[in-house]
Amino acid sequence: MTESGTPETTHAAEEREARAIRFADLTTLRVGGPVARLVTATTPDELVELVHEAEASGEPWMVLGGGSNVLVGDDGFDGTVIRIATRGIDVRPGDEDGTVHLRVQAGENWDELVAFTVERGFAGLEALAGIPGSVGASPVQNIGAYGQELSSALLGIEFLGEGESEPRVMSADELELGYRTSVLKQGLRGVVVSVDLVLHDTTAEREVLGEALGTPVAYAQLANALGVQLGDRVPLARVREAVLALRAGKGMVLDPDDVDSVSAGSFFTNPIVPERVARTLPGDAPRWYVEPEEPDEVTPLAELAAESPLDAFLAHQAELEQVEEHASDGASTPPLVKLSAAWLIERSGIHRGFALPGSRAGISTKHTLALTNRGGASAEEVAQLARFVQQRVQAEFGIVLHPEPTVVGVEL
Ligand SMILES: Cc1cc2nc3c(=O)[nH]c(=O)nc-3n(C[C@H](O)[C@H](O)[C@H](O)COP(=O)(O)OP(=O)(O)OC[C@H]3O[C@@H](n4cnc5c(N)ncnc54)[C@H](O)[C@@H]3O)c2cc1C
């Protein structure tokens with residue numbers, strides 16, 4: 001009830017509540033300033049309505065799922081935050097024998113969805129157990145871990161684009177999913193209303209084999225933990241448990257008792273560089289050949305040492321143009337190599353548990369890729385640490401690390 005005794009609408013109540021709410025309360029990094037207006041959608045229709053209302057207001061707006069992949073600044077967000085809490089998993093037989101289709105509403109919890117599929121003997125998501133956050137955010141950066149990626153199971157999404165009146169279906173192809181990226185991450189504005197998946201239904205197989213096997217194990221560390229060879233198939237529940245145990249050992253599952261999990265997961269993506277750049281690194285630098293993608297920015301070390309900033313700039317432009325020429329040259333596209341951001345960070349002298357003097361943000365004690373809030377850190381402290389890591393790696397190797405989370409109101 002309001003002070004005058006009239007009933008308060010849900011939205012008004014939420015706005016009032018939002019005055020006291022900060023992104024620190026809504027995100028796994030537990031940093032970030034006030035939310036000007038917070039609304040929550042619990043049904044797909046309500047979600048569409050709230051997006052339309054936010055657009056009509058002319059104010060900025062953003063959507064938030066579990067808040068596990070965002071870094072919002074200490075000034076917060078002067079607009080509407082639409083929190084997605086829609087629920088529902090619809091299971092239908094797939095078009096091909098041995099497959100099953102799932103339509104999952106955006107607000108479902110990702111890890112609970114994985115548990116749901118494993119319990120029913122549906123294979124395809126088991127190695128993605130333990131990733132925090134919502135189903136709706138999963139296509140945004142094409143979540144992946146332990147040899148599986150969303151892209152291998154994604155048929156498409158229901159998507160409400162900015163300025164559109166109704167959600168439409170977008171195929172997985174249209175989303176241009178890549179390593180921790182998609183058109184959504186690259187700037188296509190709108191909201192994922194639901195996600196369509198195709199999984200392997202092991203029911204028939206189970207009658208013969210007696211157990212529900214996952215897809216072939218595709219990650220060496222997971223194969224080791226399971227005591228099997230790469231390519232072997234292992235019962236779904238065992239894969240899920242092994243992944244959860246591996247993740248817990250790295251602080252990569254949310255655990256209220258583990259300060260190393262007060263993070264946004266891996267803070268930097270693994271850089272993708274032309275092979276000739278990778279060749280300049282020490283022989284023990286981990287590297288993987290990848291399909292052609294846009295290479296990350298590289299500053300040759302000689303240029304960093306150049307006396308004139310203009311010379312360095314011009315030389316850098318020439319270098320990038322060369323890469324682009326090769327890239328547009330079809331057959332002669334230079335091979336691209338993915339490097340380990342964790343290795344680059346460690347070799348630039350930053351170790352697990354590192355913190356800048358007096359800062360409450362620190363590198364996880366279990367994993368150099370996770371930037372953590374050790375207790376009461378500000379967003380600026382996290383950003384300072386991120387910039388320090390970027391500068392160290394660039395000074396040492398000439399490679400620019402890019403943040404994986406969505407960054408709002410923070411300079412990186
Ligand atoms: C401990 C830990 C471990 C992690 N491990 C992994 C991992 O192994 N692999 C991996 O890929 N990621 C990992 N992450 C990152 C994160 O869990 C995923 O990116 C997850 O998909 C984010 O979901 P969310 O709902 O929390 O998204 P949020 O943080 O709420 O949002 C992230 C971005 O997606 C947008 N967004 C959210 N929902 C929607 C929607 N419905 N429609 C359109 N845009 C939307 C937001 O606006 C924002 O830009 C980890 C994070 C943590 C904290």
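This is a predicted model: local features need pLDDT of at least 70, side-chain atom pairs count only at pLDDT 80 or more; totals for chains, interfaces and linings use all residues.
Residues are numbered from 1 along each chain as its sequence is written, and side-chain values use heavy atoms, with hydrogens and water left out. Local features need pLDDT of at least 70, side-chain atom pairs count only at pLDDT 80 or more, and totals for chains, interfaces and linings use all residues.

The ligand is surrounded by 33 residues, each with a heavy atom within 4 Å of it. The closest are Val 63, Gly 65, Ser 68, Ser 134 and Arg 247. By class, the shell holds 15 nonpolar, 15 polar and three charged residues. Here Ala, Val, Leu, Ile, Met, Phe, Trp, Tyr, Cys and Pro count as nonpolar, Asp, Glu, Lys and Arg as charged, and the others, Gly among them, as polar. A polar backbone atom of Gly 66 is 2.7 Å from an oxygen atom of the ligand. A nitrogen atom of the ligand lies 2.8 Å from a backbone N or O atom of Val 192. An N or O atom in the side chain of Arg 247 is 2.7 Å from a nitrogen atom of the ligand. On its own, the ligand has 980 Å² of accessible area (Shrake-Rupley method, 1.4 Å probe). The protein covers 93% of this area.

Strand E16 spans residues 336-339. Strands (E, at least two residues) and helices (H or I, at least four) are DSSP runs, numbered from the N terminus. In a regular strand the side chains alternate between the two faces of the sheet. In E16, Leu 336 and Lys 338 lie on one side and Val 337 and Leu 339 on the other. Strand E14 (residues 272-274) runs antiparallel to E16, joined by three bridges. Val 273 has Val 337 as its bridge partner. Strand E15 (residues 287-290) is also antiparallel to E16, with four bridges. There, Trp 288 is partnered with Lys 338.

The model has 16 salt bridges, each a side-chain nitrogen of Lys or Arg within 4 Å of a carboxyl oxygen of Asp or Glu. In one of them, the closest N and O atoms of Lys 366 and Asp 258 are 2.9 Å apart. Lys 366 lies in the loop between strands E17 (361-363) and E18 (370-373), and Asp 258 in the loop between helix H7 (236-249) and E13, so the pair ties together parts 108 residues apart in sequence. Lys 366 is partly exposed at 26%, whereas Asp 258 is buried at 12%. Asp 258, Asp 260, Lys 366 and Arg 374 are linked in a network of salt bridges.

How values were computed: A polar contact is a pair of N or O atoms within 3.5 Å; within protein, one must be able to donate a hydrogen and the other to accept it, and residues adjacent in sequence count only if both atoms are side-chain atoms. Buried means under 20% relative accessible area, exposed over 50%, partly exposed in between (1.4 Å probe, protein chains only). Two strands pair if DSSP finds at least two bridges between them.
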